[in-house]
Amino acid sequence: MKNLFAAFVYTALTAGAIMVPGSAAADLAAAELMREGDMKKLIFHDAPQATSSANFELADDAGKTNLDAYEGKYVLLNFWATWCAPCRKEMPMLAALQTEFGGEDFEVVTIAVGRNSPEGIKQFFKETGIDNLPRHQDPQQSLASQMGIFGLPITVLIDPDGREIARLRGDADWSSENARAIIATVLGRES
């Protein structure tokens, strides 16, 4: 059965479904085939895409950084805002993914886009029970505009080389078995 699946993945890859070198290709192809429900909105790119080197602000006036700081791990990058109702619904699910999968090879990173006061972000996190996600900000929307973020929420999956490999527009049920299985597959973990 595994050989049949490997042959299917190889056929899909050579037909141009997803072109990614090495073992990651099989993981991404398998993850793409798993999409159901809300995860059908998670669109895997045919080839990895460049992200941006624009800076964004770290929480609590700790300075600035950019996405290069996360190289070496998969990142589920969520663009959101305090006024965004779907973001309020989605954020606890993203926090649960961080709890389950976060570590040396994966991190959920949240960036508030536009006018979001630091106090408003703290209040949002308190009201939604979030204590394990970053409160980063992109007040000038530099990163968001360079990455084509129009509308919120938008979640981007970035590979360890800092390239965008998938994107989901709108909110999703990140607590679903399907979402968790996709993340586990991308990471090469058993779901």
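Analyst: Thr82 is found in the loop between strand 4 (74-80) and helix 3, where helices (H or I, at least four residues) and strands (E, at least two) are DSSP runs, numbered from the N terminus. This is a predicted model, in which local features need pLDDT of at least 70 and side-chain atom pairs count only at pLDDT 80 or more, whereas totals for chains, interfaces and linings use all residues. Residues are numbered from 1 along each chain as its sequence is written, and side-chain values use heavy atoms, with hydrogens and water left out.

With a relative accessible area of 23%, Thr82 is partly exposed; buried means under 20% relative accessible area, exposed over 50%, and partly exposed in between (1.4 Å probe, protein chains only). Not counting residues up to four places away in sequence, Thr82 touches Arg88, Asn116, Gly120, Ile121 and Phe124, a contact being heavy atoms within 4.5 Å. The C-alpha atom of Thr82 is also separated by 9.6 Å from that of Lys122, a residue 40 positions away along the chain.

Further along, a disulfide joins Cys84 to Cys87, with an S to S distance of 2.3 Å, the criterion being a pair of cysteine sulfur atoms within 2.5 Å. By this rule the count comes to one disulfide. The link of Cys84 and Cys87 is right-handed, with 80° about the S-S bond, and both cysteines are buried.

Two packed helices are described by the angle between their axes and the distance between the axes. Here axes are lines fitted to C-alpha atoms, for helices over the stretch in contact, and angles run from 0 to 180 degrees between N-to-C directions. Helix 3 and helix 4 (residues 118-128) pack at an angle of about 60°, with their axes 10 Å apart, and their crossing is right-handed; a crossing is left-handed if the near helix is turned anticlockwise from the far one by less than a right angle, and right-handed if clockwise. The residues that meet are Cys87, Arg88, Met91 and Pro92 in helix 3 and Phe124, Glu127 and Thr128 in helix 4. Arg88 and Phe124 are also among the contacts of Thr82.

Helix 3 passes helix 6 in a right-handed crossing, and Leu97, Glu100 and Phe101 in helix 3 meet Arg180, Ile183 and Ala184 in helix 6. Eight of the 10 residues of helix 6 are buried, so helix 6 is largely enclosed by the rest of the structure; among the buried ones are Ile183 and Ala184. Just after helix 6, Gly188 takes a positive phi of about 75°.

Of the contacts in the chain with a separation of 6 or more, 71% are accounted for by residues 24 or more positions apart.
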